[in-house]
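Reader: Let us go through this model in questions and answers. Please keep it brisk.

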Amino acid sequence: MIIVIGAGLAGLTVAIALQQAGHKVTVLESAPQITYIGAGIQVSSNSSRVLRTLGVEPHIVKYCTEPVDLRMMRWKTGEVLVECPLKQPAQEEYNSPYWHIHRADFHRGLMARALEVGVTVHLDSRITKVEPDIPRLTTKAGKAYTPDLVVASDGLHSICREIVLGKKSPPNPTGQMVYRVTLPAKKLAGVPGLEEFATIPRNNHWIGPHATILSYLLEGIEQPLINFVFTCDSTMDEGVDTKLEGSEEVRERFKEWDPRLGVMLEHVQEVLKWRLFTHHELANWAHPANKVVLIGDAAHAMTPYLAQGAAMGIEDAAVLAGILAEPDFATVDKLPESLKLYENIRIKRAARVAEASISSRYFTQMSDGPDQEARDKWMLEHPGIWEQHINIRSRKEFLDELFGYDVYTVLSEALAKARKEGVDAVTAQVGTSSVSAIPAVL
Ligand SMILES: Cc1cc2nc3c(=O)[nH]c(=O)nc-3n(C[C@H](O)[C@H](O)[C@H](O)COP(=O)(O)OP(=O)(O)OC[C@H]3O[C@@H](n4cnc5c(N)ncnc54)[C@H](O)[C@@H]3O)c2cc1C
């Protein structure tokens, strides 16, 4: 029996995958009921491939939109600096769609699929004690569980991470925060200059000094929505990581930006403030006794600049469950090798994507000046997707490694190598090796 701690996006995905691999899976979630954060999420080809393989697609596809392209715009004027297609390469080159979906709809779809394949989910089951050598988990209410394996998907503030590492390992604040906003698209219907944001599915980025703004359309369960994420240096009070409040502060901070944004913000009453954290690359994700293993944000919380945090957790899920689906890796006595193989495939991949995400922050958030002017000139002269593009979101070889990453091919190659040469011979087929190859134009 396998216990997954946490019914987040990574936890539910791994639960589905493990159950389908023939294991009996129980998810223990601390929340007494599932509530949803009102925000969107991007699901790129590397993760939609996994969700489709696991049979999640029918539960979510009607709530997904497919953005035509990604645009970067100058912060003050909205001038389009670069456009690169998303929908067409996702479908034709990476063979799996790029989706935008509301988190509530995504989560509901995962939960429906988990229950459909026979996963047991217990809410109101906060784990307060973990004995990794047995392994035994005890909930706040005193109920004890003794599974064969614990998959710790308990998120950014994971209690299991400290147990796995044998030392404290809190996430690091990045110094930035976001204001998250969703509003019904119909509120912008007919508003001059804003109509296109409410009607054309795109990934719109305004890039400016120490800040960016992202907007995209969501299908929504009741009506189409627009999702906005304002990212900027943090002014959050010490000890506060999330806060719901009025829109005055975000309006004030972005009042010099593209005037269309100010008009849009007039329609917003409430914003969710959210402090951004990240993790350094961890040396291991499995506890030395090989009965507790980390997955998702518990293992590799990362900045959201590339929209890959959940995607990495979903890739983790496919790899871990894929290894534990193999009869010669699925038994309890084989866990040391199985978990080592999982680490060897996953740790470097997640770390490189996290690094790429950070480099994307500095590329998009340049202060105005000669470097920014050189960047903008170069981008204006190079629309679309190119090899060696200075913008990684437009760089062909980077996108091939990020979105073209087929976790199932990687896994089957890794399994073949592990069987022949042992798990230590398997090194990550990392993906994103091209991240540092920025041409010297800046
Ligand atoms: C602004 C922003 C935008 C983002 N955009 C994207 C995007 O577009 N695309 C993308 O791929 N990623 C994105 N991400 C990242 C993504 O949101 C996270 O990586 C993902 O939600 C993490 O999922 P998880 O399941 O690992 O953790 P979580 O979602 O944090 O789930 C952990 C679960 O464990 C439960 N739990 C915790 N402790 C216990 C306990 N002791 N006992 C029982 N249960 C427990 C929690 O209640 C929770 O349900 C974004 C992040 C941010 C901040």
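This is a predicted model: local features need pLDDT of at least 70, side-chain atom pairs count only at pLDDT 80 or more; totals for chains, interfaces and linings use all residues.

Reader: What is the strand order of the open sheet of 3 strands, and which are its edge strands?

Author: Pairing here is antiparallel, and the order is 8-9-10. Two strands pair if DSSP finds at least two bridges between them. Each edge strand pairs on one side only: these are strand 8 (127-131) and strand 10 (144-145).

Reader: Strand 1 points residues both ways; are they buried or exposed?

Author: Ile2 and Val4 point one way from strand 1 (residues 2-5), while Ile3 and Ile5 point the other way. The cut-offs are under 20% relative accessible area for buried, over 50% for exposed, and partly exposed in between (1.4 Å probe, protein chains only). All of Ile2, Ile3, Val4 and Ile5 are buried.

Reader: What is the hand of the β-α-β unit made by strand 1, helix 1 and strand 2?

Author: The helix in this unit is helix 1 (residues 9-20). A crossover is right-handed if, with the strands pointing away from the viewer, the path from the first strand over the helix to the second runs clockwise. By that rule, the unit is right-handed.

Reader: Where does alanine 15 lie, and which residues does it contact beyond its neighbours in sequence?

Author: Alanine 15 lies in helix 1. Its relative accessible area is 0%, so alanine 15 is buried. Leaving aside neighbours within four places in sequence, alanine 15 is in contact (heavy atoms within 4.5 Å) with Val4, Val25, Val27 and Val119.

Reader: At what angle do helix 1 and helix 5 cross, and what is the hand of the crossing?

Author: The axes of helix 1 and helix 5 (residues 103-117) come within 9 Å and cross at roughly 25°; axes are lines fitted to C-alpha atoms, for helices over the stretch in contact, and angles run from 0 to 180 degrees between N-to-C directions. The two helices are therefore roughly parallel, a term for angles under 35 degrees. A crossing is left-handed if the near helix is turned anticlockwise from the far one by less than a right angle, and right-handed if clockwise. This crossing is left-handed.

Reader: What are the order and the average twist of the open sheet of 8 strands?

Author: Pairing is mixed, in the order 5-4-13-14-15-12-17-16. Strand 5 (80-85) and strand 16 (242-246) have a single partner strand each, so one side of each is left without a neighbour in the sheet. From one strand to the next, the twist averages 20°.

Reader: In strand 13, which residue is the bridge partner of arginine 74?

Author: Strand 4 (residues 69-74) and strand 13 (residues 203-208) pair in the parallel sense over 5 bridges. The partner of arginine 74 is isoleucine 207.

Reader: What is the phi of asparagine 95, and what is that of glutamine 388?

Author: Asparagine 95 is in the loop between helix 4 (87-92) and strand 6 (99-102), and glutamine 388 is in the loop between helix 13 (370-381) and helix 14 (396-402). Asparagine 95 is exposed at 55% relative accessible area, whereas glutamine 388 is partly exposed at 40%. Neither is a glycine, yet phi is positive: near 55° for asparagine 95 and about 60° for glutamine 388.

Methods
Residues are numbered from 1 along each chain as its sequence is written. Side-chain values use heavy atoms; hydrogens and water are left out. Helices (H or I, at least four residues) and strands (E, at least two) are DSSP runs, numbered from the N terminus. Angles under 35 degrees count as roughly parallel, over 145 as roughly antiparallel, 65 to 115 as roughly perpendicular and the rest as oblique.
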